[in-house]
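Thanks for sending this one over.

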Amino acid sequence: MLLEFIAIIAAGFGLAGIALSVNIALRRRLPQWIVPAAAGAGMLLMAIWLEYSWLERTTGTFPEGVEVASTNQVRSWYRPWTYVVPLTNRLIAVDRRFDRRHPDRPGQVLTRVILAGRWEPTRQFGAVYDCNAHRRADLLDQVELDDSGDLRNAKWVQLSADDAVLRTACAR
């Protein structure tokens, strides 16, 4: 967040410097408001670029085997440009590097789910997806896996068959 703030300030100074240089080269024929307007425009454009590039910059750091299953897009009145192109501010990814299947339970997959949000810390948790029954059990402290592949003390959450994270976790 601090680095983005510094980048926004630097963009304002940079565009103001360009406007000042052009004004000096034109022997001060441009209006006086051009330099502060350029500074404001540079800061606004940098802030917008940082907002819209967040998804690409975040997913670019994911290692091979991490698939984005779902994203959340928002529109807000104080960002009128989001009505033209919605802004992505959260994502759910499945880390397929940690997929495990029990031979007695081929319809279930143990995987790691990654939750990432703009201005939020990234969270990870383990989950078991039952691909046949369309449900999910989060692996919490009291959940145990027995030798037959059954989960004890698991709280299953029923999901719709077209749930994006379920489809990503169950895809081979």
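1. Let me begin with Leu110: its bridge partner in E4 is Val128. This is a predicted model, so please read every value below as computed. The strands around this pair are E3 and E4 (residues 123–130), which run antiparallel and are joined by eight bridges.

2. The link between these two strands is worth a look in your viewer. E3 and E4 make a hairpin, with five residues between them. Within that turn, Trp119 has a positive phi of about 65°.

3. On to the pairing of E3 with E2. Strand E2 covers residues 87–102 and strand E3 covers residues 105–117; the two are antiparallel, with eight bridges between them.

4. Now the cysteines. With sulfur atoms within 2.5 Å taken as the criterion, the count is one disulfide. The bond is formed by Cys131 and Cys170, whose sulfur atoms lie 1.9 Å apart. Cys131 sits in the loop between E4 and strand E5 (135–138), while Cys170 belongs to helix H4 (residues 164–170), so the pair ties together parts that are 39 residues apart in sequence.

5. Which hand does the disulfide of Cys131 and Cys170 have? The torsion about its S-S bond is about -95°, so the disulfide is left-handed.

6. Finally, is Cys131 buried or exposed? Its relative accessible area is 18%, and because buried means under 20%, Cys131 counts as buried.

Terms used: Residues numbered from 1 in each chain as written. Predicted model: local features only at pLDDT ≥ 70, side-chain atom pairs only at ≥ 80, totals over all residues. Heavy atoms only, no water. Pairing = 2+ DSSP bridges. Helix = DSSP H or I, 4+ residues; strand = E, 2+ residues; numbered from the N terminus. Buried < 20%, exposed > 50% of the residue type's maximum accessible area, 1.4 Å probe, protein only.
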